[in-house]
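Please open the model in your viewer and keep the selection panel at hand. The tour below moves from one selection to the next.

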Amino acid sequence: MAADTGLIGRNEYIRRIADLLSAARSGSGTALVLRGGPGAGKSALLAEGVRSATGFRVLQANGAEFERELPFAVLHQLCRPVLEQVRDLAEPRRQALEGAFGLTAAAPDLFGIGVATLDLLVAVATDQPLLCVIDDAQWVDEASAQVLSFVCRRIGAEPIAVLIGSRSSTRATPFDVLPNSDLVPLADAEARALLARAVRGPLDSAVRERILTEARGNPLALVELPRSAHVAGGYARPDEYPVTAVIEAGFRARLAQLPAPERLLLTIASADPTGDPALLWSAAERSGTDLSTAVDVGGIAEFGARVRFSHPLARSVVYRAADPELRRSVHRLLAGATDQATDPDRRAWHRAMACIGPDDEVAAELVESAARARARGGVAASAAFLAQAAALTRDPVHRLERTFAAVAAQMVAGDIDAAGELLATLDNESLDDAHRARLDQFRGRLAVLRHPDGDGPRLMLRAARRLADADPRRSRDCLLDALEMALNAGRSSGVMDMVVEAARTAPPAPAPADAADAVLDGVLKLAVDDHRGAAALLRPVLAHDHDAVWDRHPALGVILAGELWDLDAHARITSWLLREGRDSGSPFLLRLGLTQLATAGVHAGDFAAAEAAIAEEAAVADAFGAEAQLYPRLQLAALRGRRAEVDELGTAALDAARTRGEEHLLANVYWARAVSNNAEGDYAAALAAARRVTDHRALFLTAVTLPELVEAAVRTGERDLAETALAELTERAEAAGTLWSSGVAAYAAALVSDREEDYRRSLDHLDAAAVRPSRARAHLLYGEWLRREGRRRESREHLRIAHDALSTLGMSAFARRAADELRATGEQARSRTAPTYEQLTMQELHIARLVATGATSKEVATQLFLSPRTVDAHLRNIFRKLGVTSRRQLRTLPNIGTAETGASRPG
């Protein structure tokens with residue numbers, strides 16, 4: 001193999017590339033990332049992949065250090081040869097891609113862009129398999145990287161192969177989740193063979209050994225060092241000249257030997273890596289350099305149908321070898337050659353790179369580019385444009401505002417380190433109190449994003465104090481931010497007490513008070529366990545169809561709705577989250593909405609809806625290379641009675657919660673354990689878990705854990721603990737005033753009081769509430785009490801109702817408990833367990849339910865960000881597992897097409 005390819009010591013990687021291509025030929029697409037340092041042979045292996053791709057259509061693109069801020073630059077480069085096929089895509093997909101490439105003013109939709117790219121590449125691969133090659137992936141712009149990573153994870157049923165070359169780095173990228181292979185240095189014998197090939201004539205043995213020592217098995221170094229052996233002279237210590245530096249020195253030496261016009265030509269090419277000869281010809285003409293006869297310039301670059309450098313390091317060397325004035329001149333030439341109408345952002349970027357000092361006109365162009373980038377979903381690019389605009393702005397106030405805007409964009413883009421570095425450039429002493437407060441706000445948000453401990457709330461409190469006199473409204477907004485952060489940090493950290501104490505001395509709400517004031521005051525009352533006072537303030541705000549306060553604090557909104565046991569308010573805010581998340585393309589809002597939809601489904605007993613929402617949230621998370629949320633899976637597993645799954649998910653969640661300092665996730669774990677242990681009758685374990693939740697004092701979770709604590713305490717003889725928990729639950733339930741809270745509090749009271757009227761009161765409330773699990777459990781508890789009272793005939797009626805409901809819902813552990821109770825009355829429980837289709841994965845079950853409700857493969861593919869062919873492949877697995885052969889038969893299966901929520905509707 002090595003003899004055929006000319007690559008020495010790379011047989012294993014060539015085999016992996018061959019396997020990649022073979023799989024794609026058979027319709028099983030995948031991706032491979034080759035990682036290594038400069039000169040490790042990545043580009044050579046990518047070239048070998050292209051050479052081996054017989055019968056493939058090949059699309060290629062290169063990341064470029066100086067274009068990583070331009071949104072979708074690499075994606076555009078990859079798709080440019082097939083752009084004519086974009087017009088054949090469905091209208092939403094066509095608009096998404098044209099918007100990404102700046103061809104139309106389409107609204108941002110990262111999900112749509114990802115699916116549109118997938119659709120385009122699938123269409124290109126219809127007649128022949130497709131190979132996509134991306135080199136220098138470490139410099140791919142963030143927007144392109146997200147889309148390409150998304151596509152790579154969804155080509156499993158397509159004749160598409162993706163081959164990526166990237167430098168090894170500790171910086172996380174969207175490509176990290178793909179299959180990858182690290183290139184190891186050549187072995188000594190392989191290195192000697194490559195060196196012998198590179199050196200045609202005789203080579204002094206001492207110099208040979210020195211080259212081998214310095215190269216350290218790096219293929220490019222073994223080829224380049226003989227050309228520049230004078231750099232080390234055969235005598236310098238290896239650690240004085242790192243391999244990369246020596247290779248670059250070789251390119252610089254060759255560059256220095258070229259005439260000035262050719263060096264200028266290369267510098268122009270290095271400064272605009274699109275590889276577009278027309279652009280370079282235009283720029284060269286402006287400089288007086290004739291490009292028409294150039295073909296191979298010093299072995300450094302080739303000028304033909306595309307402009308290509310012999311190696312990525314060569315481009316970097318050429319650019320960095322130019323003095324600052326030459327670089328500015330080259331960017332000025334490229335800006336003049338770039339069409340302002342068709343490519344205003346690249347033109348603005350070249351103009352910015354040509355600036356020697358502040359330039360308000362160029363800064364204004366960059367701000368416009370930032371707005372366009374943001375509209376196309378390029379949040380990282382928007383941040384880069386704004387940061388550069390700030391650097392070129394003369395007026396200190398405008399510069400500060402643009403810096404803050406850049407930091408905000410960097411935070412949205414998830415580039416926390418860059419945001420922190422930019423904030424660090426601001427001189428705190430030169431700012432007035434208002435701007436110092438904004439600086440504290442940004443630093444506080446950054447602190448929470450890095451780790452939700454006490455630093456974020458403390459910085460927010462400092463901002464609030466700075467604004468207290470000059471701007472009381474903003475001061476109170478900062479306090480609400482601090483409270484929300486403290487809630488996430490948890491009561492046990494002590495941060496909440498600090499924030500509450502500070503908020504007590506906050507300036508009063510300016511007249512007229514708004515919704516944010518009511519929420520701030522309501523949360524403060526919750527923090528000191530004044531649930532009645534809190535409910536009086538929060539209920540009117542939660543009753544609105546939508547309020548602007550939830551725009552800024554959506555997570556807090558759903559938590560407070562849960563705290564008040566208000567399913568209607570929770571549903572309104574969740575619907576807004578889903579709508580806004582889909583419209584804006586915000587993965588944060590959409591994922592939050594889907595997890596809340598799952599939580600609502602769990603408590604309402606609509607487990608199909610919960611499964612659908614969980615599956616879609618996992619699809620969105622996967623689309624952006626993130627981990628799916630664990631807590632809705634925990635909640636669902638707990639009510640289903642899957643104790644082993646609760647334990648497994650709980651272990652993973654505890655590790656994540658402790659790493660990130662998220663007490664809400666910890667509380668979810670212990671609530672799930674309390675529920676599953678109560679279901680199994682392991683009341684001691686349930687009691688221990690429930691006490692962990694109530695010790696955390698987490699909003700909502702403490703409330704729904706109290707009835708678990710009451711039951712476990714009563715069953716284990718902890719009467720005092722049960723009465724204390726019941727008193728708190730009763731206070732919270734009466735403050736909430738909902739049918740759900742009243743019904744649950746009533747059956748908890750019945751456990752403590754042993755009064756039948758409390759059981760009956762519980763059923764009166766829960767029969768009218770849309771919370772089937774709670775109602776089924778109330779019947780179970782009442783039936784158990786009646787049996788212990790010796791009233792077997794009456795107990796059977798409620799135990800049958802409980803068993804039927806619990807079995808139908810799929811609450812298997814509670815259903816077994818009801819069956820055991822029925823047997824104790826002398827009656828055998830009839831099997832009513834509905835199919836749960838546990839042989840299907842969560843995604844397969846979601847697909848099956850969507851198809852059973854009439855969704856086409858294309859509609860399912862759109863919702864789950866898959867290709868239709870991938871959906872069909874999943875369907876074949878589903879049919880095999882369920883023993884059916886058609887969509888029509890799938891629709892006849894019980895308990896398949898029952899998810900009737902926003903999560904399950906295609907589109």
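Start by selecting Trp349 and Phe385, both of which are buried, where buried means under 20% relative accessible area with a 1.4 Å probe and protein chains only. This is a predicted model, in which local features need pLDDT of at least 70, side-chain atom pairs count only at pLDDT 80 or more, and totals for chains, interfaces and linings use all residues. Residues are numbered from 1 along each chain as its sequence is written, and side-chain values use heavy atoms, with hydrogens and water left out.

Next, colour the helices, which are DSSP runs of H or I with at least four residues, numbered from the N terminus. Trp349 lies in helix α16 (residues 344-353) and Phe385 in helix α18 (residues 379-391), so that the pair, 36 residues apart, links distant parts of the chain.

Now select Phe404 and Phe442, an aromatic pair with 5.3 Å centre to centre and 15° between the planes, which is stacked; rings of Phe, Tyr and Trp (its six-membered ring) pair if their centres lie within 6.5 Å, and planes under 30 degrees apart count as stacked, over 60 as edge-to-face and the rest as tilted. Phe404 sits in helix α19 (residues 396-413) and Phe442 in helix α21 (residues 433-450), 38 residues apart, and both Phe404 and Phe442 are buried.

Then move to Tyr759, Tyr782 and Trp785, which ring pairs link into a cluster.

Finally, zoom out to the chain, where buried residues make up 56% of the 907 residues and the C-alpha atoms fill a box of roughly 105 × 70 × 55 Å, taken along the principal axes.

Notes: Buried < 20%, exposed > 50% of the residue type's maximum accessible area, 1.4 Å probe, protein only. Helix = DSSP H or I, 4+ residues; strand = E, 2+ residues; numbered from the N terminus.
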